[in-house]
Amino acid sequence: MALVEEEKKVEEVKGGELLFCGTTAWDAMGRRRTSPEENLVSPTRLRPLMGVEIRSVAAGCVSCHCVALDVQGRCYTWGRNDKGQLGHGDKVQRDRPTIVSELSQHKIVKAAAGRSHSVVVTEDGISLAFGWNKHGQLGSGSAKTEIESSPIRCQVSEVKTAVCGGDFTVWLTSVEGSSIITAGLPQYGQLGHGTDNEYNTKDSSVRLAYEAQPRPKAIAALAGETIVKVACGTNHTVAVDKNGFVYTWGYGGYGRLGHREQKDEFSPRRVDVFTRHNVLPADAVVSAGSANCACTAGGGQLYMWGKIKTSGDDWMYPKPLMDLSGWNIRCMDSGNMHHFVGADSSCISWGHAQSGELGYGPHGQKSSAVPKKVDILEGMHVISAACGLAHSLVVVDRSNIADRLEQLEVHDGKAAVEVTEEPDDNDVAEKAPKKGPAKKSQTSNKRKNNSESSSEDENNSEYESENSDEISNGQSKQGRGGGRSSGRGRGKSAAPAKKGTGRGRGRPPSEPKATKSSEGKGTGKRGRPRKS
């Protein structure tokens with residue numbers, strides 16, 4: 001028995017080659033349609049990870065970034081970084097997998113990715129997190145700091161694994177009575193604490209908000225059970241206990257909770273299909289996409305429920321996916337609307353895809369309503385799979401396939417230095433107002449500098465934009481916008497200069513204005529009383 005366990009451990013830490021397919025336009029993902037040259041439609045090797053023994057990969061169903069772990073316990077991250085979710089201490093996008101240097105003193109064994117945050121687990125049961133913390137999803141005990149771009153400690157101990165939903169996190173621990181712990185956004189009951197923590201923003205307002213839950217808390221309803229597996233969708237959770245019973249809770253739309261209704265569940269509810277003679281075996285695979293769930297039950301049969309494809313009826317309760325009957329499924333993950341499965345010596349994918357994330361190649365179909373083999377990976381043993389918003393990652397065993405790997409394409413990606421040049425538009429826009437109103441008094445320049453200090457946050461307004469950011473963006477946007485409105489947006493003090501130039505073109509007239517103010521004092525006099 002001990003020998004078998006030892007063998008299992010050796011098998012567990014076996015690494016392989018990471019292959020990627022889908023879009024590489026991280027800033028565009030989920031925001032605009034990507035162009036064909038930005039998409040890798042076949043499984044592709046990533047140059048920085050060639051030859052590195054990768055043991056597992058992580059990407060959430062709504063995440064636009066990736067996390068990979070090697071057998072030495074190093075953590076690599078790349079992708080979108082507007083909320084510091086890559087953990088490098090900045091908000092610079094990385095196109096190439098980059099080691100998180102601040103985790104180098106730890107051996108990382110598990111990782112998970114949410115919409116804009118990442119969580120890792122070390123060999124000694126410590127959990128660290130980085131990224132967006134607006135809803136307390138980092139589990140640090142406080143949500144005061146909205147963005148943590150470097151790893152911080154989560155308030156959980158004896159952690160076995162962690163998984164991330166869109167804006168919440170679930171930890172499994174070996175602490176008796178609190179085997180499952182959650183923190184983050186409680187809006188749909190996805191934390192499982194029996195409430196959504198809803199409140200009115202003001203007494204007179206009808207606008208609702210949901211109180212952040214930054215302090216990790218054990219799910220009381222499952223205190224008597226030992227949870228051994230868990231998976232998260234955007235706003236729902238599915239868990240399996242040691243007896244093989246399945247529980248779901250959170251957002252219920254499209255029947256993704258498997259209870260034959262679309263009601264949200266604020267506390268864990270047992271799925272009645274997986275009881276009596278159909279409980280899940282110990283080696284079951286559990287997965288959740290943005291609007292569905294999947295698991296393997298008796299005999300390795302894959303069951304799915306929720307929104308399975310873009311058209312047709314939703315599956316309101318778990319049904320067997322007969323296309324995959326008889327396959328020995330080892331790993332599975334679901335993205336926004338696509339799925340990847342590692343089974344026997346094949347890799348199978350299906351779903352709705354736009355960016356080549358199914359890996360069927362340049363001559364293959366984009367989407368598939370039914371499970372279909374990824375031909376280029378046929379005969380390869382898949383160790384780990386992960387699906388993001390519009391990308392997929394698989395790790396394949398290198399044994400006996402070195403020559404086949406050589407034939408695969410290799411993606412270089414831009415270096416971080418090249419990537420940093422992208423936000424230059426913002427920098428130019430920020431500098432322009434400084435140059436234009438040269439006639440303004442020193443106090444206004446000081447004010448400008450203050451607003452510049454918060455300019456880092458300007459790029460972070462994908463989900464929420466603070467008023468201060470909008471104000472500091474206001475001038476730079478107007479300066480860039482062109483047309484009459486931009487000339488007017490500078491306030492009345494710019495009007496006399498406008499008459500002189502005869503063009504309300506935003507930024508270009510800024511230099512004539514400056515020279516004019518230095519020659520004749522007329523405009524300066526008019527501006528001065530207002531500034532004081």
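Cys 21 is where I start: this cysteine counts as buried, because its relative accessibility is 3%. What you see is a predicted model, so the values I quote are computed from it. The cysteine sulfur closest to that of Cys 21 belongs to Cys 347, at 7.9 Å, which is too far for a bond. Cys 331 is buried as well, at 11% relative accessible area. The closest cysteine sulfur to Cys 331 is again in Cys 347, 7.6 Å away, so a bond is ruled out there too.

Next, the nonpolar cores. As background, nonpolar side chains in soluble globular proteins tend to be buried together. The largest core here has 33 residues. Which of them touch the most other members? Those are Leu 302, Met 304, Met 332, Phe 340, Trp 350 and Val 394. Several strands supply at least two residues each to this core, including β1 (17-23), β23 (302-306), β25 (329-334) and β26 (338-343). Also on that list are β27 (346-351), β29 (382-387) and β30 (391-396). Another core, of 22 residues, lies apart from the largest one, and its members include Phe 20, Ile 54, Cys 64 and Val 395.

Last, strand β9, residues 127-132. Is it mostly covered or mostly open? Mostly covered: six of its six residues are buried. Strand β8, residues 117-122, pairs with β9 in the antiparallel sense over five bridges, and Val 121 stands opposite Ser 127 of β9. The two strands form a hairpin with four residues between them. In that turn, Gly 125 has a positive phi of about 80 degrees. β9 also pairs with β10, residues 147-153, again antiparallel, this time over four bridges. There, Ala 129 has Ile 152 in β10 as its bridge partner.

That is my part; questions are welcome.

Technical notes
Residues are numbered from 1 along each chain as its sequence is written. This is a predicted model: local features need pLDDT of at least 70, side-chain atom pairs count only at pLDDT 80 or more; totals for chains, interfaces and linings use all residues. Side-chain values use heavy atoms; hydrogens and water are left out. Buried means under 20% relative accessible area, exposed over 50%, partly exposed in between (1.4 Å probe, protein chains only). Two strands pair if DSSP finds at least two bridges between them. A nonpolar core is a set of buried Ala, Val, Leu, Ile, Met, Phe, Trp, Tyr and Cys residues joined through side-chain atoms within 4.5 Å. A disulfide is a pair of cysteine sulfur atoms within 2.5 Å.
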